[in-house]
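Please examine the structure shown below. The paragraphs that follow describe its helices and several of their residues.

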Amino acid sequence: MACKFCPKIKKFDLIFIIIVCIAVYGVDKYQTYKTEQQKIQAFEKLQKECLYGDKLVCKKIYGE
């Protein structure tokens, strides 16, 4: 019994699907990297404020 779906997939379609998957993966990695950098910068800012003596920020960071 032959597969009736398989002959309908062409090489161009398969290559196009692979290219789209790679593009979506790249965009997702870029957005994840960007948000992680923003979180790191915000945390570093809070740490600096704590270092300069802001007790409220210290409690926020370290949960004391």
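**Helices and exposed residues**

Valine 27 is located in helix α1. The model under discussion is a predicted one, and helix α1 covers residues 11-51. How accessible is valine 27? Its relative accessibility is 48%. Since partly exposed residues lie between the limit of 20% for buried and that of 50% for exposed, valine 27 therefore counts as partly exposed.

Valine 24 also belongs to helix α1. The relative accessible area of valine 24 is 54%. A residue is called exposed when this value is over 50%, so valine 24 is exposed. Valine 24 is one of the residues that make a nonpolar surface patch of about 520 Å².

With a relative accessibility of 48%, glutamine 38 is partly exposed. Between glutamine 38 and isoleucine 17, the separation is 21 residues in sequence and 32 Å in space, taken from C-alpha to C-alpha.

The next element to consider is helix α2, which comprises residues 55-62. How do α1 and α2 pack against each other? Their angle is about 135°, and their axes are 8 Å apart. An angle over 145 degrees would count as roughly antiparallel, and one of 65 to 115 as roughly perpendicular; the two helices are therefore oblique to each other. The crossing in which α1 passes α2 is left-handed.

How values were computed. Residues numbered from 1 in each chain as written. Predicted model: local features only at pLDDT ≥ 70, side-chain atom pairs only at ≥ 80, totals over all residues. Heavy atoms only, no water. Patch = residues over 30% accessible without salt bridge, like charges linked within 9 Å, V, L, I, M, F, W, Y side chains within 5 Å. Areas by Shrake-Rupley, 256 points an atom, 1.4 Å probe, with all protein chains shown as cover. Salt bridge = Lys/Arg side-chain N within 4 Å of Asp/Glu carboxyl O. Helix = DSSP H or I, 4+ residues; strand = E, 2+ residues; numbered from the N terminus. Buried < 20%, exposed > 50% of the residue type's maximum accessible area, 1.4 Å probe, protein only. Axes fitted to C-alpha atoms, helices over the stretch in contact; angles between N-to-C directions. Parallel < 35°, antiparallel > 145°, perpendicular 65-115°, else oblique. Left-handed = near helix turned anticlockwise from the far one by under 90°.
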